[in-house]
Amino acid sequence: MNDTETLSPLLPNETEEAARIMLAKASERGLKLATAESCTGGMLASLLTDVQGVAHTFDRGFVTYSFEAKNEMLGIPMEVVEREDAVTREVAVAMAEGALERSRANVALAITGFADAGKEPGLVHFACARPGRRTAHREEHFGPGGRGATRIKCMHVAIEMMTEML
């Protein structure tokens, strides 16, 4: 039986299974998770709440598509997000750290990128934060495959980074 329902038809089986395993590990360790998403529009939060039996490890998600949302919800100074259209290592790290500070989570994952337009379609920055550890960053160049394809590829990278941070 498939334990993930809502996104199942869209996600590769290995991404879905990796999410289930990661959530189970977080649950076993009593850890809470948070997300800060821009180009994925809440897709990661949806995935993390779709896995039955371990979705309780998810604390909250911040969908911060606009510059103002990144500023108001995550505390990122406007001059930082305006500098590079918010798709930079600096903004991804600030998003993850802001989500960690503004939640009850032990691990926070941030995603910001150009899903299908912008300076470089498919350019996505990820960051994963945990107290007492250096915030991890990863830059991916998925190419101009379109919004949906880029978002799905983001799920795999996000789950991988969260698993590593556990």
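This is a predicted model: local features need pLDDT of at least 70, side-chain atom pairs count only at pLDDT 80 or more; totals for chains, interfaces and linings use all residues.
Visitor: Let us turn to H6, then. Is valine 157 buried or exposed?

Guide: Valine 157, which lies in helix H6, has a relative accessibility of 3% and therefore counts as buried, as the cut-off for that word is under 20%. Leaving out residues up to four places away in sequence, valine 157 touches Phe126, Arg138, Glu140 and Phe142.

Visitor: How many aromatic pairs does the count come to?

Guide: The count comes to one aromatic pair. The ring centres of phenylalanine 126 and phenylalanine 142 are 6.5 Å apart and the ring planes stand at 85 degrees, so this pair is edge-to-face. Phenylalanine 126 belongs to strand E4 (residues 123-129), whereas phenylalanine 142 is in the loop between strand E5 (136-141) and helix H6 (147-165), so the pair ties together parts that are 16 residues apart in sequence. Phenylalanine 126 counts as buried at 0% relative accessibility, and phenylalanine 142 counts as buried at 17%.

Visitor: Where is valine 93, and which residues is valine 93 in contact with, leaving aside neighbours within four places in sequence?

Guide: Valine 93 has its place in helix H5 (residues 89-101), and with a relative accessible area of 17% this residue is buried. Leaving aside neighbours within four places in sequence, valine 93 is in contact with Ala127, Thr135 and His137. The C-alpha atoms of valine 93 and asparagine 71, which are 22 residues apart along the chain, are separated by 14 Å.

Visitor: How many disulfides does the count come to?

Guide: The count comes to zero disulfides. Cysteine 128 is in no disulfide, and the nearest cysteine sulfur, which belongs to cysteine 154, is 14 Å away. For cysteine 154, the closest cysteine sulfur is that of cysteine 39, at 4.6 Å, which is too far for a bond because a disulfide needs sulfur atoms within 2.5 Å. Cysteine 128 counts as buried at 0% relative accessibility, and cysteine 154 counts as buried at 0%.

Visitor: Finally, what is the volume of the largest pocket, and which residues lie nearest its centre?

Guide: The general idea is that rolling a probe the size of a water molecule over the atoms shows where empty space is left. The largest pocket has a volume of about 210 Å³, and of the 15 residues that line it, Ser38, Tyr65, Val87, Gly113 and Phe114 lie nearest its centre. Helix H3 (67-74) and strand E3 (107-113) each supply at least two residues of this lining.

Definitions and conventions
Residues are numbered from 1 along each chain as its sequence is written. Side-chain values use heavy atoms; hydrogens and water are left out. Buried means under 20% relative accessible area, exposed over 50%, partly exposed in between (1.4 Å probe, protein chains only). Contact means heavy atoms within 4.5 Å. Rings of Phe, Tyr and Trp (its six-membered ring) pair if their centres lie within 6.5 Å; planes under 30 degrees apart count as stacked, over 60 as edge-to-face and the rest as tilted. On a 1 Å grid over the protein atoms alone, a cavity is a set of points where a 1.4 Å probe fits but cannot get out, and a pocket is an open set with protein on both sides within 12 Å along at least five of seven lines; lining residues have an atom within 4 Å of a point. Grid points are joined across faces, edges and corners, and a volume is the space filled by probe spheres set on the points.
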